[in-house]
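Open the model in your viewer and keep the selection panel at hand. The tour goes from one selection to the next.

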Amino acid sequence: MVSEVKQQARNWVPVWSASRSRWIQSCPRRYLLQYVAGRGGRQVLDRPRRWLWKQGRWAPANELLKRAVKDTLRAWMLDAHAGICWSINTAHCEMERRFQRSISSQQDEMAKLQSRLQRPTALYRTPTPDSIARLLEDGDLILRRALNHPLIGELLSCRFSGEWQPLDPFELSRTEEGLAYLTPDLIIKGPQRWVLIRLLSDSWKHLPDAAREVELLGMVKWALEEPTLPDSEESYEIARISHSKKKGWRTWRRQVKKNDTEILRQMIRSDISAARTLVRSAGPMLNLDRIPLAEKKWRCKDCGFRFTCPGGKDMESAKLLQAAAEQAYVNSKA
Ligand code: SF4
């Protein structure tokens, strides 16, 4: 078992994504649990890794709904692109099926975790039928509003006559800086430039802040590596189409300028280097005791590891213990 853990740590290859980039800054311990110890959990058969990965995927019911809506829109677009048109009713049923499935699979995982931890009470309250019905109404509204968006509505109802392609954002790209998730949700050929689009089913601000704008440039990096697409940054526009409960779906877009992607390259390099440093400091046995916890307590509220991570119980004491373990490690190396 010991050599197996060592081997896993040795075989680990960092992968960049916008969410990994955020976690490595905001909670190194979560990053390590989810993306290093639970690496590849979706595919692997060995239980500790799968458990860790699934635990990290835990999300409150409203977050599960957002995922179900986004996955439904993706499936809807794939069919629309193939000329198969859905009714709003079909989309609603698909979203409901995905949402109910994720709620029940999460419930099963939580029950297993509760039994592994030998806790007498449930770790997570089952959503009531009323709260599920309310969330489904919210999801239905997002789908209906998508049909009213000038571009998304045309695509979904098979009325768009131009060249477009829905893509798989979970497809890995190989870049000079390392492996990364950069693929846009959609690409459209405009009259002058190609438009690379990211869809967000829930966002309280429709304008991206500086860090999100850099992340969006990942789509341009993806396009530049594609042999069938133009190889100059000025041939592209980036767009973010996001939904907020108050304002519905709104679009932000801008033209890409020469050398715009350089800042993203630096971000990927710096995040990958931070991830390697983190894994080195955890050591071959992935010793979590010396790995820093979330910088802000509120980060733990929606974290799937809070049931087992000391930061999820008492952040102040956990930070003191972490600092002591880190100091002891530094002293032992001196
Ligand atoms: S519970 Fe908090 S400190 Fe622990 S991994 Fe999650 S976010 Fe980080």
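This is a predicted model: local features need pLDDT of at least 70, side-chain atom pairs count only at pLDDT 80 or more; totals for chains, interfaces and linings use all residues.

The shell has seven nonpolar residues, one polar residue and three charged residues.

**Stop 1: the ligand**

Show the side chains of Cys27, Arg30, Leu293, Ala294, Arg299, Cys300, Cys303, Arg306, Cys309, Gly312 and Met315, which surround the ligand. Arg30, Arg299 and Arg306 belong to this shell, and arginine counts as charged.

Now pick Cys27 by itself. Is Cys27 buried or exposed? Cys27 has a relative accessible area of 10%, and because the limit for buried is under 20%, Cys27 counts as buried.

**Stop 2: the cavity**

The ligand sits in the largest cavity. A search of the whole structure gives four cavities of 30 Å³ or more, and the volume of the largest is about 100 Å³. This cavity is lined by 16 residues, and the closest to its centre are Cys27, Arg30, Cys300, Cys303 and Cys309.

Next, colour α3 (28–37) and α12 (310–313), the elements that give two or more residues to the lining of the largest cavity. Which element gives the most to this lining? It is α3, with three residues. By class, the lining residues of the largest cavity are ten nonpolar, two polar and four charged.

**Stop 3**

Cys85 is in the loop between α5 (61–81) and α6 (88–117), while Cys158 is in the loop between α8 (150–156) and β2 (164–166), so the bond ties together parts that are 73 residues apart in sequence. The count for the structure is one disulfide.

Both partners are partly exposed: Cys85 has 46% relative accessibility, and Cys158 has 29%.

**Stop 4**

Last, select Cys93. Which cysteine has the sulfur closest to that of Cys93? It is Cys85, but the two sulfur atoms are 17 Å apart, which is too far for a bond. Cys93 is partly exposed, with a relative accessible area of 46%.

Terms used. Residues are numbered from 1 along each chain as its sequence is written. Side-chain values use heavy atoms; hydrogens and water are left out. On a 1 Å grid over the protein atoms alone, a cavity is a set of points where a 1.4 Å probe fits but cannot get out, and a pocket is an open set with protein on both sides within 12 Å along at least five of seven lines; lining residues have an atom within 4 Å of a point. Grid points are joined across faces, edges and corners, and a volume is the space filled by probe spheres set on the points. Helices (H or I, at least four residues) and strands (E, at least two) are DSSP runs, numbered from the N terminus. A residue is near a molecule or strand if one of its heavy atoms lies within 4 Å of it. A molecule sits in a cavity or pocket if more than half of its atoms lie within 2 Å of its grid points. A disulfide is a pair of cysteine sulfur atoms within 2.5 Å. Buried means under 20% relative accessible area, exposed over 50%, partly exposed in between (1.4 Å probe, protein chains only).
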